[in-house]
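Subject: Structure handover

Hello,

Here is the structure I promised to pass on. Please open it alongside this email.

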Amino acid sequence: MIEQLAESPVDFLYQQVTERFEQLITTGVLKTGDKLPSLRALTQEQGISLSTAFRAYCELEAKGFIEARIKSGYYVRYAPRSGAPTQPTPKPWTDPALVSVDDMIMQVYQNLSEKDIVQLSVAAPALELLPEGKLNKAMAEAVRTHAASCLNYEVIQGNQRLRTQIARYAVASGITVTEEDVVTTHGCMDALVLCLRAVTSPGDTVAIDSPTYFGIFSALQSLGLKALEIPHHPTTGLDLDYLENALQTVRLAACLFVPTFSNPTGTCLPDADKKRLVELLAEHRVPLIEDDIYGELYFGRQRPRTCKSFDQRGLVLLCSSVSKSLAPGYRVGWCLPGQYLAKVVQLKRMTTVSSTAPTQAAIGLFFENGRYDLHLRHLRKALHTQCLRYTQAIAEYFPPEIKVTQPQGGYALWVQMPPTINAYTLFRAALREKIGLAPGQIFSMDGRFKHHFRLCFGAPYTQSIDASLRTLGQLIREPMEPPTAE
Ligand SMILES: Cc1ncc(COP(=O)(O)O)c(C=O)c1O
């Protein structure tokens with residue numbers, strides 16, 4: 001049934017079997033309801049042990065691809081929704097707008113701390129997925145072994161040990177830098193703001209993805225910048241032809257994109273497009289601020305390359321943090337500002353002066369002793385499984401007209417509803433049922449995503465999540481009252 005496996009260490013044989021079946025199922029060769037070979041047949045076909053075959057089927061079952069039926073065997077369960085969400089017709093690119101942040105963002109996020117709300121709106125890991133104990137140990141060790149430096153101001157560019165580790169991790173995304181090229185920050189937002197300040201002046205226009213993370217609107221607004229929304233297709237990513245046309249007409253001071261596992265669509269721009277983007281902007285001498293906060297959270301075998309890895313002129317300023325992968329509360333982030341390094345360091349000196357010493361030291365230690373790698377392996381696996389379980393529930397509970405993305409990393413599913421359903425109305429109805437979601441309107445400045453919403457799968461799939469998704473499905477089917485605010 002599936003081709004013979006290559007010679008490989010026993011530990012990875014089950015992964016190979018799992019991946020082959022995943023591929024056969026997602027490409028539709030094996031369809032929902034098809035019976036899989038029995039464990040015994042699989043062992044004979046593949047020349048693998050019974051325990052390897054069993055482990056592979058367990059993995060596929062945990063991811064929601066297959067199900068075991070008592071006394072009958074294993075069957076394909078996965079039924080992804082056909083068709084990805086579409087992109088609404090973009091506005092003309094001749095009218096960049098001064099950014100104003102909608103009250104709606106406040107409304108969506110004011111309930112965040114309420115314990116009885118099932119938060120499907122938060123693009124962050126559930127706390128139970130984070131290595132609390134090991135992080136606490138790293139913090140205790142950092143404070144014990146570097147007591148003096150943890151009490152003192154850190155050098156402006158940031159903790160050297162941490163910067164060395166950041167440079168080491170950058171290699172996997174195709175970047176070669178040293179700690180001298182890295183500046184630490186208070187999370188990714190701080191890095192984005194420092195980089196924006198380094199390359200723009202108030203009144204300038206910055207191109208951003210549409211849809212994009214609403215925090216980017218806040219950053220632009222706080223700096224008095226205008227935004228030009230470049231369509232970002234849920235499957236193919238940023239529309240480079242549109243950007244190329246805009247570059248002919250609008251004077252862009254910078255671009256700020258999330259090319260890898262965008263928030264909210266989860267799309268990853270292919271390598272060829274990342275390269276074209278970098279070359280296109282270099283031609284026009286426009287700096288690119290690359291928000292790579294989700295880059296480590298890939299579901300495939302390899303970390304996607306960054307735009308920065310194609311940058312030959314130092315025009316790409318890469319920003320990231322551990323907020324999505326390890327500890328949002330630590331506020332440890334960084335940037336690789338390329339040719340703007342001196343400017344960014346100067347701006348940091350003039351604002352934050354020094355990043356928080358103990359948290360930087362603890363994260364540096366955590367990276368250094370290999371715990372981060374181990375944790376990331378677990379986290380990626382958990383997120384992939386969660387993504388598939390949520391997608392499966394959407395296929396089961398939501399009406400058939402609903403379209404949803406199939407992300408290969410990150411935290412977000414981008415859901416498109418029929419044009420008769422307003423996402424803000426759904427948001428209010430869901431809140432009454434104690435379910436939090438993020439309506440599409442907050443991901444653009446002109447509310448163009450009225451029929452979309454973002455659903456995050458950062459929390460492990462539980463009965464309560466299952467019940468919430470079932471309720472959401474019912475709400476989408478029911479006729480709703482018109483929206484009272486847009
Ligand atoms: C794309 C993107 N950039 C930046 C941030 C903010 O990151 P941090 O919490 O590290 O400041 C977020 C948080 O949701 C995000 O989604």
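First, the ground rules. This is a predicted model, in which local features need pLDDT of at least 70, side-chain atom pairs count only at pLDDT 80 or more, and totals for chains, interfaces and linings use all residues. Residues are numbered from 1 along each chain as its sequence is written, and side-chain values use heavy atoms, with hydrogens and water left out.

**The ligand**

Which residues surround the ligand? They are G187, C188, M189, Y213, N263, D291, I293, Y294, S321, S323, K324 and R331. A residue is near a molecule if one of its heavy atoms lies within 4 Å of it. This shell divides into five nonpolar, four polar and three charged residues. Here Ala, Val, Leu, Ile, Met, Phe, Trp, Tyr, Cys and Pro count as nonpolar, Asp, Glu, Lys and Arg as charged, and the others, Gly among them, as polar. Helix α8 (residues 187-199) gives the most to the shell, with three residues. Helices (H or I, at least four residues) and strands (E, at least two) are DSSP runs, numbered from the N terminus.

Look at the ligand's oxygen atoms next. One lies 2.6 Å from an N or O atom in the side chain of Y294. The side chain of S323 also has an N or O atom 2.6 Å from a ligand oxygen. For R331, a polar side-chain atom is 2.8 Å from an oxygen of the ligand. Taken alone, the ligand exposes 400 Å², and the protein buries 92% of that. Accessible areas come from the Shrake-Rupley method with a 1.4 Å probe; for residues, only the protein chains shown count as cover.

**The cores**

The largest nonpolar core has 113 residues. Such a core is a set of buried Ala, Val, Leu, Ile, Met, Phe, Trp, Tyr and Cys residues joined through side-chain atoms within 4.5 Å. Buried means under 20% relative accessible area, exposed over 50%, and partly exposed in between (1.4 Å probe, protein chains only). F398, F453, L455, L469 and L472 touch the most other members. Helix α14 (residues 371-397) gives the most to this core, with 10 residues. Where does the core lie relative to domain 2 and domain 3? Domain 2 (100-129 + 374-477) and domain 3 (132-370) both give residues to it, so it lies between them. Those bounds come from an automatic or database domain assignment. There is also a second, separate core of 23 residues, which includes I230, L238, L247 and V286.

**Backbone points to check**

Most residues other than glycine have a negative phi, and most peptide bonds are trans. Some places here depart from that.

- S210 and P211 are joined by a cis peptide bond, with omega about 10°. P211 is in the loop between β6 (205-210) and α9 (214-222).
- N263 and P264 are also joined by a cis peptide bond, with omega about 25°. P264 is in the loop between β9 (252-257) and α11 (271-283). N263 is also one of the residues around the ligand.
- V353 is not a glycine, yet has a positive phi of about 70°. V353 sits in the loop between α12 (341-350) and α13 (357-368). V353 is partly exposed, at 39% relative accessible area.
- K434 has a positive phi near 65°. K434 is in the loop between α15 (423-432) and β15 (435-436). K434 is partly exposed, at 36%.

Best wishes

Conventions
A polar contact is a pair of N or O atoms within 3.5 Å; within protein, one must be able to donate a hydrogen and the other to accept it, and residues adjacent in sequence count only if both atoms are side-chain atoms.
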